[in-house]
Amino acid sequence: MGIDYIAVGARIRVLRKACKLTQIELAELVGITIAHLSNIEQGKTLFSLQVLINISEALETTPERLLAIIPSKKNKLYQRLIDEIDKSLKGCTDAQLELMENLVHYTKVWLLEQQNNKR
């Protein structure tokens with residue numbers, strides 16, 4: 001299965017906007033032209049591994065997240081959730097991030113307890 005450059009470009013665009021960066025700003029951070037970044041976001045061009053790494057670092061994410069291949073409906077839901085969480089965590093302080101981590105952990109514990117109580 002090959003890389004879905006259109007989907008990767010869309011993820012880059014969503015994360016760039018969540019980081020409140022313009023194409024000009026991201027292109028400068030990554031060291032590429034604005035035209036090249038625009039083509040990447042539209043899935044119209046290939047890009048090097050180094051460019052992918054630079055983009056992921058500038059957007060405070062990982063290359064794996066940008067390359068995520070989502071073959072099933074369940075994985076699409078998971079990816080949407082991860083993208084929403086990623087956007088929500090941008091700009092949080094360390095203390096806020098710790099609170100969010102605890103919130104996720106204890107929510108999962110509670111959900112598992114509820115599921116076990118139904119059995």
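The model is predicted, so local features need pLDDT of at least 70, side-chain atom pairs count only at pLDDT 80 or more, and totals for chains, interfaces and linings use all residues. Residues are numbered from 1 along each chain as its sequence is written, and side-chain values use heavy atoms, with hydrogens and water left out.

Let's start with the cysteines. A disulfide is a covalent bond between the sulfur atoms of two cysteines. Here it is called when a pair of cysteine sulfur atoms lies within 2.5 Å, and by this rule the count is zero.

Now for the helices, which are DSSP runs (H or I, at least four residues) numbered from the N terminus. The axes of helix 2 (residues 23–30) and helix 4 (residues 49–58) come within 9 Å and cross at roughly 120°. Those axes are lines fitted to C-alpha atoms over the stretch in contact, with angles from 0 to 180 degrees between N-to-C directions. The two helices are therefore oblique to each other, the label left over once under 35 degrees is roughly parallel, over 145 roughly antiparallel and 65 to 115 roughly perpendicular.

Which residues of helix 2 and helix 4 meet? From helix 2 come L26, L29 and V30, and from helix 4 come V51, N54, I55 and A58, where contact means heavy atoms within 4.5 Å.
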